[in-house]
Amino acid sequence: MYRAVFAGFLFFLLVLEGTVLQWVLPQAWGSTIVIVPQLVVAGVVILSLFRGERAGLIYGFGFGLLYDVVYGPVLGMHAFTMAAVGYFAGLISRQFAPGAIVSLLTTSLSITVHLIMTYGLYRLFGLTEMDWNEALLYHVAPSVVFNIVAALPVDRVLRWVNRKWGTRSLSFD
């Protein structure tokens, strides 16, 4: 039951970042600052903190592939980066208890790594000619700040779902 709830919530985040958020972000209003919403990445990272690296890998690959089919210019690029970020966030969950501070730090680090990996792959495949400094200043930094703030409600919802439908263990009670 909880797998369907997690998948449904991540799908809701995918739809939200592709519809409503595209109207309210600065690039829609003509700004040079481009914010890339990464709510699904934040959800996969937080989910992998609760469920481990295997769940992060599976959900990251599945939703990354869905993201590639719907939005991406290269099939498999987001599937690879989201699966890698979800897997490594799950490894972090083995070292630390998934509290609010650990979730915030892991999410911010994972979103930063995901955006840098995506930029690197875009650069590798010749899909962008943007300079590294420009990408960092106008895309990565504002996106990380926005996504950290947006990840806080995602963290709260996933904690509630994990408490309500997740399995009971000593570390999550």
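A helix here is a DSSP run of H or I covering at least four residues, and helices are numbered from the N terminus. I put this down at the start, since the notes below use helix names. The model I looked at is predicted.

**Entry 1: salt bridges**

I began with charged pairs. Side chains of opposite charge can pair when their charged atoms come close. I counted 3 salt bridges in the model.

I took Arg94 and Glu53 to start with. Their side chains meet in a salt bridge, with 2.6 Å from N to O. I then looked up where the two partners sit: Arg94 is in helix α5 and Glu53 in helix α4, 41 residues apart, so I noted the pair as a link between distant parts of the chain. Are Arg94 and Glu53 buried or exposed? Arg94 has 59% relative accessibility and is exposed, because the cut-off for that is over 50%. Glu53 has 13% and is buried, because it falls under 20%.

Next I went to Asp155. I found its side chain in a salt bridge with Arg159, at 3.1 Å from N to O. Asp155 and Arg159 are both in helix α7, 4 residues apart, which is about one turn of the helix. I also found Asp155 in a salt bridge with Arg156, at 3.5 Å from N to O. I recorded Asp155, Arg156 and Arg159 as a network linked by salt bridges.

I checked the accessibility of these three residues as well. Asp155 is buried at 5%, and Arg159 is buried at 13%. Arg156 is partly exposed at 48%.

**Entry 2: cavities**

Rolling a probe the size of a water molecule over the atoms shows where empty space is left. My search of the whole structure gave 3 cavities of 30 Å³ or more.

The largest cavity has a volume of about 50 Å³. I listed its lining as Ile46, Ala100, Ser103, Leu104, Thr107, Ile148, Ala151, Leu152 and Asp155. Helices α6 and α7 each give two or more residues to this lining. By class I noted 6 nonpolar, 2 polar and 1 charged.

I listed Glu17, Gln38, Val40, Val41, Tyr67, His78, Met82 and His114 as its lining. Helices α3 (39-51) and α5 (77-95) each give two or more of these residues. I noted 4 nonpolar, 3 polar and 1 charged in this lining.

**Entry 3: the largest pocket**

I then turned to open space. The largest pocket has a volume of about 390 Å³. It is lined by 19 residues, and those closest to its centre are Val36, Leu115, Thr118, Tyr122 and His139.

Which elements supply at least two residues of the lining of the largest pocket? I found α6 (100-124) and α7 (132-165). The largest share is from α6, with 5 residues. I divided the lining by class into 11 nonpolar and 8 polar, with no charged residues.

**Entry 4: a surface patch**

I found a nonpolar patch of about 580 Å² made by Phe61, Leu65, Val69, Val70, Tyr71 and Leu75. I looked up Phe61 in more detail: it is in helix α4 (residues 53-70). Phe61 is partly exposed, with a relative accessible area of 44%.

Methods. Residues are numbered from 1 along each chain as its sequence is written. This is a predicted model: local features need pLDDT of at least 70, side-chain atom pairs count only at pLDDT 80 or more; totals for chains, interfaces and linings use all residues. Side-chain values use heavy atoms; hydrogens and water are left out. On a 1 Å grid over the protein atoms alone, a cavity is a set of points where a 1.4 Å probe fits but cannot get out, and a pocket is an open set with protein on both sides within 12 Å along at least five of seven lines; lining residues have an atom within 4 Å of a point. Grid points are joined across faces, edges and corners, and a volume is the space filled by probe spheres set on the points. Ala, Val, Leu, Ile, Met, Phe, Trp, Tyr, Cys and Pro count as nonpolar, Asp, Glu, Lys and Arg as charged, and the others, Gly among them, as polar. Patches are made of residues with over 30% relative accessible area and no salt bridge: like charges are joined within 9 Å, nonpolar side chains (Val, Leu, Ile, Met, Phe, Trp, Tyr) within 5 Å. Accessible areas come from the Shrake-Rupley method with a 1.4 Å probe; for residues, only the protein chains shown count as cover. A salt bridge is a side-chain nitrogen of Lys or Arg within 4 Å of a carboxyl oxygen of Asp or Glu. Buried means under 20% relative accessible area, exposed over 50%, partly exposed in between (1.4 Å probe, protein chains only).
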